[in-house]
Amino acid sequence: MTMEFSEHIKTANVDDVVLKLPLRPALKGTLCVTAHHLVFSERKEEGSYQLLLLLRSVDAIEKSVENLLGYPQYPSAGPGQRMTGLSGSSGTIVIKCKDLRILQFDIPGMEECLNVASSIEALSSLESVTELYPFFHRPRELSLSEPWGLSSPQQQYAQTERLWDRWRLSKVNRNFSVCMSYPRTVIVPCAIDDITLAKAASFRQGGRFPVLCYYHRSNGMVIMRSSQPMTGANRKRCREDELLLQAAIDESEMGYIIDTRSAQQAQQARMAGGGFESKAFYHHWRRLHRHLERGKVLQESLIKLVEACGDPSQNMDRWLSKLENSKWLSHVHSALSTAGLVAECVERDGHSVLVHGFEGTDTTLLVTSLAQLILDPASRTFRGFLQLLEREWVQAGHPFRQRCAHSAHSHARLRQECPAFLLLLDATWQLGRQFPLALEFSEVLLLRLAQDAYASDYGTFLCSSEQERCALQVKENTHCLFQFLLRREEREKYVNPLYEATDLAIWPSVHPQSLQLWTGLFLRWTEYAQTMDEAREEIWTIVKERKETDRPKGCAHTTLSRHDSFTNVENLMDELTVL
Amino acid sequence: MLHLDFVEQVKLLDRFNNKTTTGTLYLTATHLIFVESNVPGAHEIWILHHHIASVEKLSLTTSGCPLLIQCRNFRVVHFVVPRERDCHDVYSSLLRLLRPVSYDELYAFSYNPKQNEQQREVGWQLIDLTAEFERLGLPCDQWQLSDVNRDYKVCETYPRDLYVPITASKPIIVGSSKFRSKGRFPVLTYFYQEKKAAVCRCSQPLSGFSARCLEDEHMLQAISKANHNSRFVYVMDTRPKLNALANRAAGKGYENEDNYSNIRFQFVGIENIHVMRASLQKLLEVVGTRSLSVNDYLLGLESSGWLRHIKAIVDAAIFLTKAVTVEGASVLVHCSDGWDRTAQVCALGALLMDPYYRTLKGFMVLIEKEWISFGHKFADRCDQLDGDPREVSPVFTQFLDCVWQLMEQFPQAFEFSEWFLIQLHEHVHSCQFGNFLGNSQRQREELQLKDRTYSLWAHLLSEQHNYLNPVYSPSFAERHPVLEPSTQPWNFKFWRNMYHQFDRTMHPRQSILKHTLTLKESNSKLEDTAHTLQAKLQTLGVSTSPLELHSWSREHRLPPRPQSLILGAPLSRKEAQQEEEVLGEEALEDAPDGNGGERTVEGSSATENGYGELQSSFSSKNEPAMVSLEFGVARMTC
């Protein structure tokens with residue numbers, strides 16, 4: 001442990017701490033604060049409970065202390081009752097985690113309690129990325145020399161042969177000088193050289209010029225994404241940007257620009273230097289506006305929803321009104337229907353699409369990645385989904401560091417927090433509910449990702465851009481979550497037993513009646529879901545039994561599959577009948 | 001009697017998008033049938049006249065005369081008939097057909113599933129309530145079978161056989177019945193053997209502001225004394241207190257704790273049939289809105305109060321269950337007349353307490369007992385005959401909804417799936433079988449239903465494999481004999497598969513239930529095949545060592561499915577079956593069983609017809625420049 005960490009730890013160990021977890025009886029044991037974890041071990045010989053909590057996952061902490069000897073606040077309570085064997089003062093710490101779990105520790109000794117609380121406060125909000133746990137996480141079974149990440153634009157390009165005649169890989173951003181939040185390589189139209197790209201980039205907010213993110217094999221249409229054009233109040237234009245978009249489609253074709261802002265917002269953006277593609281200059285593009293909320297509005301929506309889920313009142317009307325008031329399901333609805341619109345433009349109408357909003361780092365990515373899930377069977381596999389997240393969120397520069405700094409419990413002043421990624425996971429979950437056979441991964445993976453995006457042992461969701469990751473040498477010094485999840489023994493936990501690949505697009509129903517609250521996430525710690533788990537187990541059993549009948553048997557004396565052996569017996573039967 | 005047999009070129013409009021289908025409308029004596037024209041594998045809709053709740057002729061449009069039909073099974077169809085005259089003919093014929101005035105006009109009396117008399121009789125004997133009370137350990141040293149109502153003299157809406165405490169003499173019973181609304185005195189309906197605690201039911205006492213009845217007080221005393229585990233008996237008045245108070249002015253009311261020794265009185269607060277009717281109506285209005293926003297949906301769900309009512313019933317059942325199973329106390333449940341809320345709460349409570357009722361057969365027994373025999377007024381509530389609209393109320397639907405909520409919380413606890421509930425709901429309104437006709441047992445006997453109609457239970461049992469829950473676990477029932485559901489509000493959900501059962505675009509495009517059921521069946525079919533083949537080989541004296549059959553044989557095997565069924569959702573199966581009835585054999589080929597009998601969901605199966613169905617459900621436009629979409633009407637700017 002380095003000096004900096006130990007400075008924060010005034011009391012490392014406290015005995016006789018009582019831990020209260022949701023849906024569990026209280027436990028008594030020892031609490032220990034380390035540089036990155038809170039460790040609680042139950043004081044019991046056998047089968048004792050251990051809790052290892054990553055300090056980074058603490059969203060908010062509440063403490064209360066009472067000194068019973070000095071200030072008898074409860075005169076009615078008999079002394080024997082309240083102070084058995086303790087020094088007379090005690091405290092309580094309530095920890096609200098980013099994964100929405102709430103823990104309570106009753107700590108004997110006021111000073112110990114305050115010390116522990118201040119350690120947690122300090123260590124859970126370390127500013128420097130390289131001080132975070134992923135830089136220290138060194139499990140025996142993983143080696144830092146293993147590959148980091150699953151895919152890259154180069155790979156995507158190399159694997160899609162049909163891209164080659166029209167699209168090229170550009171290294172214009174090799175030093176991150178053209179766009180700080182883009183990766184080093186991007187896929188752009190062949191007809192546009194790097195100089196033109198650089199000029200177009202200067203016309204887009206944050207340099208995020210239009211790049212390809214999806215190629216639809218069946219008709220060659222593409223999805224591109226960017227940030228808003230900086231037309232400003234006096235309707236500036238940029239020939240290079242216009243050329244770039246024109247080069248993405250044929251002369252005769254038409255493309256759609258799906259703007260994730262309302263028309264009014266887009267107009268107003270001009271006052272702040274932003275803007276939209278004017279019809280006059282982008283002849284072959286039609287703009288459609290679909291308003292998706294972002295930033296603070298989304299964050300507040302999440303906070304309200306989580307608050308509603310923690311409401312102990314059993315009142316039906318109150319629950320429905322709070323659920324409505326949070327607007328979370330409306331956001332899920334907008335995300336899915338806008339993604340459906342993009343997918344429909346591509347698949348049904350046969351047009352290429354450019355998606356952007358303001359910065360192109362939040363709602364834009366939400367829409368492009370959901371559209372790909374709807375359209376692309378490859379992105380619905382376990383690996384394919386992780387690759388999609390890597391391309392469309394990690395490499396595409398979703399600012400995880402700011403957006404996921406806090407989740408729903410923090411009282412800290414909101415800055416850049418926004419649960420756009422959670423919204424993606426929720427919308428993906430809805431797709432999985434509507435197409436229970438179409439996704440190779442299960443809800444468990446989505447829950448794991450929701451947890452790791454906010455606090456993780458792995459480096460995948462650290463930082464906000466590839467540039468930052470390079471500067472801090474994240475890939476050299478942390479393990480990759482996606483690689484880890486794909487290891488055989490991990491993978492098993494996250495796959496969907498019912499998966500059956502389909503090449504077709506999966507069009508979600510966006511009727512409000514078809515959307516559901518993702519109880520697995522939002523009520524994960526509130527409700528006892530054992531009955532659900534058991535049912536899931538049973539489905540697994542049925543499916544495995546089925547698979548067994550399809551798989552060749554490992555038996556020593558026969559290598560026939562059961563189907564084969566049936567056929568065999570049937571043949572034998574036929575012969576016998578003939579005889 | 002009919003002016004016409006069929007109308008051609010009728011348009012069917014989808015109520016949630018712009019999709020229209022053109023076809024021919026046929027009117028038969030029992031059904032209204034729409035057949036899509038000029039399409040191979042044409043889509044057909046069969047609507048039983050009894051299912052039609054209302055027919056509305058809307059004002060004439062350029063394309064024709066619109067006819068809006070709302071059904072009791074939540075189907076809503078919107079036809080446009082090209083000629084006004086034809087439309088009026090259909091309309092007036094339907095009006096005549098869907099308002100039967102006598103029982104003889106009901107479908108059940110003409111329905112003939114090609115069974116002989118003996119099969120019909122066997123069908124009616126499948127569910128036996130005497131056996132059910134025997135199963136509960138009755139009669140016993142504290143409870144006896146009373147013959148006081150043998151001739152329906154004491155209470156004409158009760159069954160003949162009633163179980164009462166041994167200490168309740170005939171004068172006490174008769175006296176008590178005179179003090180209870182409609183003569184419905186306290187009788188046993190469920191017996192929890194472990195604690196010797198009884199669930200009894202009755203109607204409200206005629207207490208007014210101060211009236212007393214010593215026999216009635218004795219009756220409750222007798223119920224209390226029959227249970228040595230508890231010194232008191234709970235009296236659950238399932239009404240809101242205000243309603244009960246208001247009833248006092250009419251000479252009715254509730255038990256005064258001062259007059260009855262050893263009772264604990266409790267109001268539960270379930271609203272009356274009028275509130276429930278309005279609530280469901282409001283709910284259906286909300287969810288039937290086109291382009292409904294998420295916020296309006298949630299607000300509408302709240303303002304309809306439907307889920308609040310569902311929760312109130314479940315809460316009451318939980319209270320009942322806890323009193324019986326935890327405290328070991330007997331409970332007397334009543335409402336006003338003791339045939340609506342009382343039936344809901346007693347039935348749901350029994351379902352929580354006794355795993356037997358969570359099996360397919362047990363659930364039938366439960367409905368036969370709590371609903372049919374104790375005189376839930378199915379004829380009035382389900383509007384079987386042209387009657388008082390104020391008597392119609394979705395009380396039984398609500399009960400099924402509550403059961404579904406429990407199934408959602410305990411996926412392994414029920415032997416049957418939600419299809420079974422939906423099918424039950426279908427037939428409670430179809431009047432195709434005799435079981436639910438009429439308002440009481442006495443009336444059913446007068447109608448000679450057992451001789452003139454068929455039993456639904458036999459029909460459902462004959463195709464029970466379609467209603468099984470693939471993840472049902474008998475061992476779950478052993479571990480959780482009593483269910484303890486959570487009553488957190490988020491556990492109460494809108495039952496889309498019920499209220500939108502005919503709105504295909506709204507459903508999950510693939511069904512876990514269907515898929516696992518298919519898998520499980522095909523597993524067991526493989527086993528069966530293996531066993532049969534092995535047996536055959538053995539009789540022929542051939543060794544079968546390489547098969548190792550024992551290694552995968554499972555305890556609970558499904559019966560092989562009959563070949564004649566269409567493998568499909570209840571909807572298509574039902575329609576297919578009706579088709580069979582009406583058109584005879586020709587309509588149905590045996591469904592090829594193919595790869596272990598894969599079920600196809602409407603627009604769901606990725607393997608068979610793909611999403612062609614789905615695609616067509618999206619209004620895909622041909623003009624390339626316009627995008628008009630399910631995902632909202634695209635609006636062009638600049």
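Contact here means heavy atoms within 4.5 Å. Among contacts in chain B between residues at least 6 apart in sequence, 71% link residues at least 24 apart.

The model is predicted, so local features need pLDDT of at least 70 and side-chain atom pairs count only at pLDDT 80 or more, while totals for chains, interfaces and linings use all residues. Residues are numbered from 1 along each chain as its sequence is written, chains are lettered from A and ligands numbered from 1 in the order in which they are written, and side-chain values use heavy atoms, with hydrogens and water left out.

**Chain B overall**

Chain B holds 22 helices and 16 strands; these are DSSP runs numbered from the N terminus, helices being H or I of at least four residues and strands E of at least two. Of its 638 residues, 60% count as buried, that is, under 20% relative accessible area with a 1.4 Å probe and protein chains only. The accessible surface of chain B is about 25100 Å², and carbon and sulfur atoms account for 50% of that area. Accessible areas come from the Shrake-Rupley method with a 1.4 Å probe.

**Helix pairs**

Two packed helices are described by the angle between their axes and the distance between the axes. Axes are lines fitted to C-alpha atoms, for helices over the stretch in contact, and angles run from 0 to 180 degrees between N-to-C directions.

| Pair in chain B | Angle | Axis distance |
|---|---|---|
| Helix 10 (341-353) and helix 13 (395-409) | about 20° | 10 Å |
| Helix 11 (360-373) and helix 14 (418-430) | roughly 35° | within 12 Å |

Helix 10 and helix 13 of chain B are therefore roughly parallel to each other, a term for angles under 35 degrees. Their crossing is right-handed, meaning that the near helix is turned clockwise from the far one by less than a right angle. On helix 10 of chain B, the residues in contact are B:Gln344, B:Ala347, B:Leu348, B:Leu351 and B:Leu352; their partners on helix 13 of chain B are B:Val395, B:Gln398, B:Phe399, B:Cys402, B:Val403 and B:Leu406. This contact comprises nine nonpolar, two polar and no charged residues.

Helix 11 and helix 14 of chain B also cross in the right-handed sense. B:Leu360, B:Phe363, B:Met364 and B:Ile367 of helix 11 meet B:Phe420, B:Leu421 and B:Leu424 of helix 14. Here the division is seven nonpolar, no polar and no charged. In both counts, Ala, Val, Leu, Ile, Met, Phe, Trp, Tyr, Cys and Pro are nonpolar, Asp, Glu, Lys and Arg are charged, and the others, Gly among them, are polar.

**B:Tyr111**

B:Tyr111 lies in the loop between helix 1 (84-97) and helix 2 (117-125) of chain B. B:Tyr111 is buried, with a relative accessible area of 7%. B:Tyr111 and B:Thr453 are 342 residues apart in sequence, yet their C-alpha atoms are 7.5 Å apart in space.

Note on methods. Parallel < 35°, antiparallel > 145°, perpendicular 65-115°, else oblique. Buried < 20%, exposed > 50% of the residue type's maximum accessible area, 1.4 Å probe, protein only.
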